Protein chains: 6
Amino acid sequence: MNPNKVKEYNAYRERMNEKLMAAPNNKILKRIYSLDTLTYQEGALSEKTKEMLGLVASMVLKCDDCIYYHLQQCFQLGVTTDEVMEIFGVANLVGGTIVIPHTRRAMEFWEALKTNADDLNTPIK
Amino acid sequence: MNPNKVKEYNAYRERMNEKLMAAPNNKILKRIYSLDTLTYQEGALSEKTKEMLGLVASMVLKCDDCIYYHLQQCFQLGVTTDEVMEIFGVANLVGGTIVIPHTRRAMEFWEALKTNADDLNTPIK
Amino acid sequence: MNPNKVKEYNAYRERMNEKLMAAPNNKILKRIYSLDTLTYQEGALSEKTKEMLGLVASMVLKCDDCIYYHLQQCFQLGVTTDEVMEIFGVANLVGGTIVIPHTRRAMEFWEALKTNADDLNTPIK
Amino acid sequence: MNPNKVKEYNAYRERMNEKLMAAPNNKILKRIYSLDTLTYQEGALSEKTKEMLGLVASMVLKCDDCIYYHLQQCFQLGVTTDEVMEIFGVANLVGGTIVIPHTRRAMEFWEALKTNADDLNTPIK
Amino acid sequence: MNPNKVKEYNAYRERMNEKLMAAPNNKILKRIYSLDTLTYQEGALSEKTKEMLGLVASMVLKCDDCIYYHLQQCFQLGVTTDEVMEIFGVANLVGGTIVIPHTRRAMEFWEALKTNADDLNTPIK
Amino acid sequence: MNPNKVKEYNAYRERMNEKLMAAPNNKILKRIYSLDTLTYQEGALSEKTKEMLGLVASMVLKCDDCIYYHLQQCFQLGVTTDEVMEIFGVANLVGGTIVIPHTRRAMEFWEALKTNADDLNTPIK
């Protein structure tokens with residue numbers, strides 16, 4: 001296990017997000033980032049449910065970094081390991097066994113979150 | 001709008017599922033069908049939450065028939081239009097504008113469900 | 001060939017877009033639609049180049065309705081058949097032979113556009 | 001069941017393939033078509049094995065028309081229903097339950113092939 | 001070339017599979033793992049053919065770890081380099097040039113298998 | 001930032017491409033490589049436009065190495081940062097937020113290209 005997995009993930013994401021937000025002619029990307037924030041806000045569905053939706057969507061689309069992001073949000077919103085395991089189940093059923101390698105890495109990240117809660121991303125995405 | 005959209009969808013699905021279940025040498029498919037039933041059962045997450053997970057996964061994977069199936073399950077479990085619209089939002093954000101045509105058809109199916117509740121599939125999947 | 005392919009496509013798209021725009025709790029979808037308009041506007045790249053980018057992206061993602069939409073936009077912006085054929089080439093090379101069936105339908109739609117220019121969608125998307 | 005499913009599929013494919021082969025500036029598409037023929041020829045692997053590879057690839061990529069094409073080739077090369085069912089099993093396991101709707105349509109096509117052998121495509125692809 | 005590529009791959013896969021198998025509430029994942037074993041067993045199709053099907057499906061779905069797994073199984077079942085190259089051909093034709101980077105890594109893994117046969121995974125998956 | 005990102009990428013790609021070109025029974029792969037060269041040559045569309053098409057297709061298909069390749073080609077053909085940012089916009093809109101992590105890595109590669117122009121691949125692909 002890599003004990004710094006969460007910290008390294010967040011550091012890279014934040015550094016490159018800053019680059020993109022500072023780049024010229026980035027109007028569309030900025031809107032997408034802002035829409036992203038808006039989409040997961042409390043509404044008819046709770047924030048927690050929406051983050052779980054984001055997690056399962058990221059898993060079937062096989063995007064590790066997206067999975068890590070939503071796992072972290074789920075962790076901060078109090079999703080339990082039992083719940084995470086059922087999301088893994090739905091994702092592997094719907095998306096098939098090609099989701100398994102992503103599930104292995106997701107499990108590693110989830111364990112890192114539980115043991116390294118200090119590395120969590122700051123509230124500002 | 002096609003008023004028979006729900007009925008036609010269910011009739012074809014049921015007829016072909018029966019063919020597959022009656023086919024020779026179908027052990028793996030039978031297990032997958034049975035696992036599918038098991039996966040969406042009440043657990044740490046409610047049936048309703050799981051069907052919403054199935055819906056968003058089907059949308060980002062752009063599978064119309066899967067979308068119809070989970071919309072129908074959501075409808076029967078009392079998911080509201082306000083909630084469905086937020087699932088559509090997450091799916092279109094995560095999956096991009098290529099999800100829009102599937103969202104149009106999903107909307108048509110959702111409206112058909114609300115006006116033709118008699119065409120709902122029977123409890124036996 | 002279906003001579004009404006363009007007309008039928010536009011009629012369904014417009015009808016269901018209206019449904020989605022009139023639905024409750026559709027804030028995220030509305031923003032995505034508005035962002036979609038913004039993204040294809042003239043900028044560092046011309047509208048024509050952007051529509052060609054939208055077309056090739058839709059082809060490799062195998063979304064027929066998205067392909068039809070961008071073909072129509074390309075047609076209205078003066079993209080030639082010679083240019084369309086090269087976009088088909090890139091899409092089939094990058095996306096593989098699973099793009100061929102979508103290319104067949106794209107060709108049918110492109111021919112319908114050339115023979116039924118009256119069925120084009122109105123400027124308001 | 002649609003008894004003309006095979007005939008209709010082949011008629012449309014052949015008509016549009018002819019359009020694409022007669023179109024201007026189609027050098028890349030022509031090469032892809034010719035490469036497609038070459039790829040499935042007998043080599044270290046038999047034609048039959050290669051068509052089964054083409055079938056499973058088409059299923060996990062969820063391309064109905066590609067599935068129909070390879071099912072037809074498999075049928076002509078003597079693949080049995082027992083073998084087809086195992087390919088369906090691998091595809092649904094690896095690709096997940098989103099492959100199920102394509103498996104239903106594949107089953108319908110396979111049955112149509114068995115009952116309407118006269119509608120088979122001609123040797124010239 | 002990384003001479004430890006096979007060993008590292010197997011070590012990580014086994015360690016994380018154990019974590020997943022030891023996790024709470026993992027009924028669905030356990031069933032999927034057990035179904036995975038069942039699916040590739042000798043039947044109407046040979047184990048070798050099924051592993052080749054698994055390989056081509058993994059390639060067009062662009063899952064490196066799945067590709068490594070099936071390459072390893074193919075190696076142990078006596079699939080030759082000539083046969084592997086034809087599977088690479090089908091995968092790159094059907095899936096397009098986006099499969100090329102995965103083919104480069106697959107080639108590296110295949111060569112590592114041939115030179116480091118001692119690092120092969122143990123029979124227990 | 002990794003200052004050697006471009007150099008490392010090119011070195012690995014070239015080494016493994018040589019392996020594939022030297023492998024036995026690689027007729028199909030060789031043809032695909034040669035078709036790849038042909039497809040991006042000047043025609044009805046300019047080389048620059050075609051590389052931009054290749055870039056957006058690679059982004060929505062989430063293939064990092066393909067993105068790096070086309071970014072490099074775009075850089076050598078004089079595509080500006082303003083233009084690249086609009087391609088990123090189209091890709092993230094059409095492909096959704098799962099394209100964001102690839103956009104972060106693309107941005108890093110683009111910056112590396114601008115600061116390490118000596119590491120560019122040689123004209124022979």
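I began with Asn25(F), which counts as partly exposed because 17 other C-beta atoms lie within 10 Å of its own; the scale I used calls a residue buried at 20 or more such atoms within 10 Å, exposed at 12 or fewer, and partly exposed in between, with C-beta atoms placed from the backbone. The model is predicted, so I kept in mind that local features need pLDDT of at least 70 and side-chain atom pairs count only at pLDDT 80 or more, while totals for chains, interfaces and linings use all residues. Residues are numbered from 1 along each chain as its sequence is written, and chains are lettered from A and ligands numbered from 1 in the order in which they are written.

I then looked up the backbone of Asn25(F) and found a positive phi, near 55°, in a residue other than glycine. Asn25(F) sits in the loop between helix 1 (5-22) and helix 2 (27-39) of chain F, where helices are DSSP runs of H or I with at least four residues, strands are runs of E with at least two, and both are numbered from the N terminus. In chain C, Asn25(C) has a positive phi of about 55° although it is not a glycine, and it lies in the loop between helix 1 (5-22) and helix 2 of that chain.

Next I took chain A as a whole, and noted six helices and zero strands. The radius of gyration of chain A, taken over C-alpha atoms, is 15 Å, close to the 14 Å that the globule rule gives for 125 residues, so chain A is as compact as a globular protein of that length; the rule is 2.2 Å times the number of residues to the power 0.38. The C-alpha trace of chain A spans about 40 × 35 × 25 Å along its principal axes, and buried residues make up 49% of its 125 residues.

Which helix gives the largest share of the side of chain B that touches chain A? I first noted that 26 residues of chain B are in contact with 27 residues of chain A, contact being C-beta atoms, placed from the backbone, within 7 Å. The largest share on the chain B side, 10 residues, comes from helix 5 of chain B. By class, that side has 14 nonpolar, seven polar and five charged residues; Ala, Val, Leu, Ile, Met, Phe, Trp, Tyr, Cys and Pro count as nonpolar, Asp, Glu, Lys and Arg as charged, and the others, Gly among them, as polar.

I stayed with helix 5 of chain B, where 12 of its 15 residues are buried, among them Val84(B), Phe88(B) and Leu93(B). Its buried residues pack against helix 2 (27-39) and helix 3 (47-60) of chain A, against helix 3, helix 4 (64-76) and helix 6 (100-115) of chain B, and against helix 2 (27-39) of chain C. After helix 5 of chain B comes Gly96(B), with a positive phi near 90°.

Last, I checked Val56(F), which touches Leu53(C), Val56(C), Ala57(C), Ile87(F), Val90(F) and Ala91(F), leaving out residues up to four places away in sequence.

Definitions and conventions: Contact = placed C-beta atoms within 7 Å.
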